[in-house]
Amino acid sequence: MMYALCIFLPLAAAAIAGLFGPWVKDRGAQIVTCGAMLLSAVISIFILKHVALDGQVQEVELFPWIVSGQFETAWALRFDTLTAVMVFVVTVVSCAVHFYSVGYMHHDPGVPRFFSYLSLFTFFMLLLVTSDNFLQLFVGWEGVGLCSYLLIGFWYEKPSANAAAIKAFLVNRVGDFGFALGIMGVFFLYNSLSFETVFAATPAKADAVLHFLNWDFNALTVLCLLLFVGAMGKSAQLGLHTWLPDAMEGPTPVSALIHAATMVTAGVFMVARLSPMFEYAPTALLVVAIVGASTAFFAATIGMCQNDIKRVIAYSTCSQLGYMFFACGVSAYAAGIFHLMTHAFFKALLFLGAGSVIHAMSAEQDMRKMGGIHKLVPLTHMLMWVGSLALAGMPFFAGYYSKDIILESAFAAGTGVGYYAFWLGIAAAVMTAFYSWRLIIMTFYGRPRADERVMAHVHESPKIMTVPLLVLALGAIVAGYVGYDAFVGEGMQAFWGKAILVLPAHPALEQAHHVPFWVKVLPILVGLAGIGMAYWLYMYRPDLPGRVARRFRGVYLFLYNKWYFDELYDRVFVNPARYLGRQLWQEGDGTLIDGLGPDGVAAVARNLAQRASRLQSGYVYHYAFAMLIGVAGLVTLYLWLQGR
Amino acid sequence: MINLTPVIPELVLACGGMALLMIGVFRGDGAMRSVAWISVLVLVVAGIASGTLSSDRQVVFGGQFVTDAFAQFAKWLVVIGAVFGIAMSLSYNERHEVARFEFPVLIVFATLGMFMMISANDLISLYVGLELQSLSLYVLAAFRRDNLRSSEAGLKYFVLGALSSGMLLYGASLVYGFAGSTGFDALAGVFKTGSGPSIGLIVGMVFVIAGLAFKISAVPFHMWTPDVYEGAPTPVTAFFALAPKIAAFALFMRVLTGPFGPLVAEWQQIVWLLAIASMILGALAAIWQSNIKRLLAYSSIGHVGYALVGLAAGNETGVRGVLIYLAIYLAMSAGAFCCVLAMRRGNRMVEGIDDLAGLSRTQPMVALAMAVLMFSMAGIPPLAGFFGKLYVFLAAVQAGLYALAVIGVLASVIGAYYYLRIIKIMYFDEPAESMDRPVGREIGAIMAASTLFIVLFFVYPSPILNGAQTAAAALFAG
């Protein structure tokens, strides 16, 4: 009961705020949704204690959904440790974002709509993580996609917001296509979509073969890769990442909740959830690790050259998601989820802090027009420091524990891919530290680059916005230390129970605690190096970055333009599709279908109508003639029919 | 002693009509209203008398005359049409100074002719009934004899009607010559046993069908309809659209399923052609009309086409569909013509479709009724017109006439255009000068009654459906 309440409270709140918005007014919508989220968050803490710490796996059957032949599926909630952790993260961050939004959105005309979407998103996210079968997972998956679309395009008067919303939706569709195929494949192979059934049958199916177009594939590998395509779309991995930076068009709390802490991590969650399948598909794991590591590196390079404060953080998110994936790829799922949790806290903190800065700077997002405000917004400044320290993996902040264990696992995996991931991860760590401090220095230090009117207006955010930030900051500071033992340390086995399966053949996480000393220290050292470099370049020699950019103009432009991914996609997919669409519209529909269809038929009908009325001449002898012709015609017809 | 019980309704009409003539002669035209209401009374009595008769099949006058459930159903529809016709004419005639007592009397006699047609069981009695009806109608069409268009309409109708009667008679004589009998029962027996009909018989049958098709104004024997509808005084037009069409259709069905019943394979193709031609022409030709009466004339041609679809099925379901269609058509036409009668401006009738512009604002109730009737004629659910079409198309599909049903549906799509155009003009165009008010008691009542029938038909359709079912069964019992 309590479990179901935790999931459905946000839905109820969303319904009230969304359907009765005009009656409950702004204030009512805020109270209802925030209240529901607070309650959900409190419940989620109990759930975390019951399920994860006391080890009581819960299943709540709601009602049967589809029963058709062999195919049966039900609405059911399944709470194991993995779910409990996710529910905890989602509700707590969502709760913080809800409260923060009360302040951030207070002069927006669409407050009830905003809160309704936000709560609806939370509901779908919870549905996603509590699902006990593939189909319900897919419902949640699409539901969060929908809410993401609605919230990116929340300011629908802005063409750029609409374009970004559509882009996010379309790019996700590519991933969802793979995901849907994967689900169908699962049903094809297992005759069931229930996690329990599928996982139980997986060891026996490890060598099953899929016969397709005269080729034989390892069925499990194909399925896992298809499902991973879905995860890539949702988690903005290399190739399908282009929507995430654009998604920053949405309001900042949305970026914090959806595009940093929760929705984009759904892919990581899915891979971890399906660990019993991925474990038996080593090729798929290989791909996961390579894609993850490449994304971590690639996104970090771009992050170094962006000027929009939110885009920097967006690429950083992309990069951190890459870390989580390659952790999963080397079978250190627990490390991936651990990083997911800590990342949710410090990245939400960073985003909301950035929102606070934007709020203070009268909606300015370009870092080149900021600077010199650290005394004016001391609390935000401090919180951004906390978030960045955690992100850069400085000792004893949350990111330190989770990121290090990931890198150590990659090293400990001892495979080629492991080393590949390790070194790219180290490189990304340098860059992460660099762009984080580049952001802090450009935003808070130096001389003010904004005009006087804006500077006169700079102010610290109200309490309703800063208190949630403090809660998240607390998470960003202690989550790593508190969670380390249970998630990836001594208590690992007891904590995860059966939620995550790791084959004895993949002991990366076990081995991670026994790596050489330099592996443990290297991330800290490179992080410090990155920070130092940022200080040197932007604090003490502010003339240098420009010179470097000019000197290595090609490289700079390549990074600044995001490796030209958007241009490439425009050239390869968008323009041909648009051309094809235009052709089909103008030639196919306009000329052919309309011409022959509605317009043509209408013209013929009018023409015939004119002729028909002209028949009516008014002369009796014409009429009599017509009758006689009619009779003669009918007689002839009869005789002819008779004669046949 | 001849059993006269089955002919009591006809006797009532005949005696009543002659008595009314007497009253009129002695009281003069001043008695028009009382004569009219007594005529209505006579019609209602005849209708009730017909209804109280046993619904078993009874044949009298040496096989000339038959009465059964089919005849009862058709006669009821005819009586309703005739009563509506008289009621609608009252104020119109007074306003146009043609308030002559002969008008209702002529309608009574025409109704008598229709009753005879419906109950005809012999080619001779068929012709006598038909001519009694037609002669009355010719006079009615030219009733405003000082009006050029009215006399022209009457004359045209007469000339062409004579031609069609000639065809009918010629066909009847051919049939008699080749089959040796004029009685329906005897003819049916001959066709049943024969080894396939001879050419002469076929030609005779075609001529008979052509003569009857003229009466129901099926294409290509429809040419008189638009001219006569437009020229005749509006109440007469309304009456034309209501009663004679139903009577002629009843006769058509009786002839085709009775004496020519065994030849169903032969006449099915002809009816098929007539139906398609009527539906298409009715749908297309109406599009360009600017006169509402002409438009309704084409619309009635189209409706005849749809009804013929049911007849083309050539079985009990088909006939049932036709009867349902006719009943609904009666209500739709009565309502629509009431709306036309309500179109007066400065004490003059206006007939242009453009005159309806903005009617929804000047006379919202009339506009609403008209809109409902137009939607129903276009066959939009849940109005009655939809069910009428549904039953005939259903019968056609069950009989395997898919092409016919498809063409019918397409034609009704095209036809929907001009029905919807009227609604568009009434509701969305700038109002023209407002129409005279009030519309008149009788007209308002008929309009309201028919609109309510159309709207509420789907709630309680069983009386019509069951009546049609029994009637259709009676036709195929013999």
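How much area do chain B and chain A bury between them? They bury about 2,800 Å², and 80% of that is on carbon and sulfur atoms. Buried area here is the accessible area (1.4 Å probe) that two parts lose on being put together, summed over both. On the chain B side, B:Met223, B:Leu284 and B:Trp288 give up the most area to chain A, together 24% of what that side buries. The contact (heavy atoms within 4.5 Å) draws 35 residues from chain B and 25 residues from chain A.

A quick word on the ground rules. This is a predicted model, where local features need pLDDT of at least 70, side-chain atom pairs count only at pLDDT 80 or more, and totals for chains, interfaces and linings use all residues. Residues are numbered from 1 along each chain as its sequence is written, chains are lettered from A and ligands numbered from 1 in the order in which they are written, and side-chain values use heavy atoms, leaving out hydrogens and water.

Now for the charges. A salt bridge means a side-chain nitrogen of Lys or Arg within 4 Å of a carboxyl oxygen of Asp or Glu. Over all chains there are 26 of them, yet the count between chain B and chain A is zero.

| Pair | N to O distance |
|---|---|
| A:Arg78 and A:Asp80 | 3.8 Å |
| A:Glu142 and A:Arg173 | 3.0 Å |
| B:Lys75 and B:Glu10 | 2.8 Å |

In the last pair, B:Lys75 sits in helix α3 (residues 69–95) of chain B and B:Glu10 in helix α1 (residues 8–27) of chain B, so their bridge ties together parts 65 residues apart in sequence. Helices are DSSP runs (H or I, at least four residues), numbered from the N terminus. Both B:Lys75 and B:Glu10 are buried, and so are both A:Arg78 and A:Asp80. Buried means under 20% relative accessible area, exposed over 50%, and partly exposed in between (1.4 Å probe, protein chains only). By that scale A:Glu142 is partly exposed at 22%, and A:Arg173 is partly exposed at 33%.

What about B:Arg294? This residue is found in helix α12 (residues 292–313) of chain B and is buried, with a relative accessible area of 14%. Beyond its neighbours within four places in sequence, B:Arg294 is in contact with A:Gln616, B:Pro226, B:Asp227, B:Glu230 and B:Gln289. Helix α12 of chain B also holds B:Ala307, which is buried at 1% relative accessibility. Leaving out residues up to four places away in sequence, B:Ala307 touches B:Phe249, B:Val322 and B:Tyr325.

Finally, the pockets. A pocket is an open set of points on a 1 Å grid over the protein atoms alone, where a 1.4 Å probe fits, with protein on both sides within 12 Å along at least five of seven lines; lining residues have an atom within 4 Å of a point. The largest pocket holds about 900 Å³ of space. Its lining has 29 residues, and those closest to the centre are A:Arg438, A:Tyr538, A:Pro545, A:Gly546 and A:Ala549. Helix α18(A) supplies the largest share of that lining, six residues. The second largest pocket has a volume of about 720 Å³ and is lined by 35 residues, with A:Gly497, A:Lys498, A:Ala499, A:Ile500 and A:Leu501 nearest its centre. Volumes are the space filled by probe spheres set on the grid points, which are joined across faces, edges and corners.

Terms used:
Helix = DSSP H or I, 4+ residues; strand = E, 2+ residues; numbered from the N terminus.
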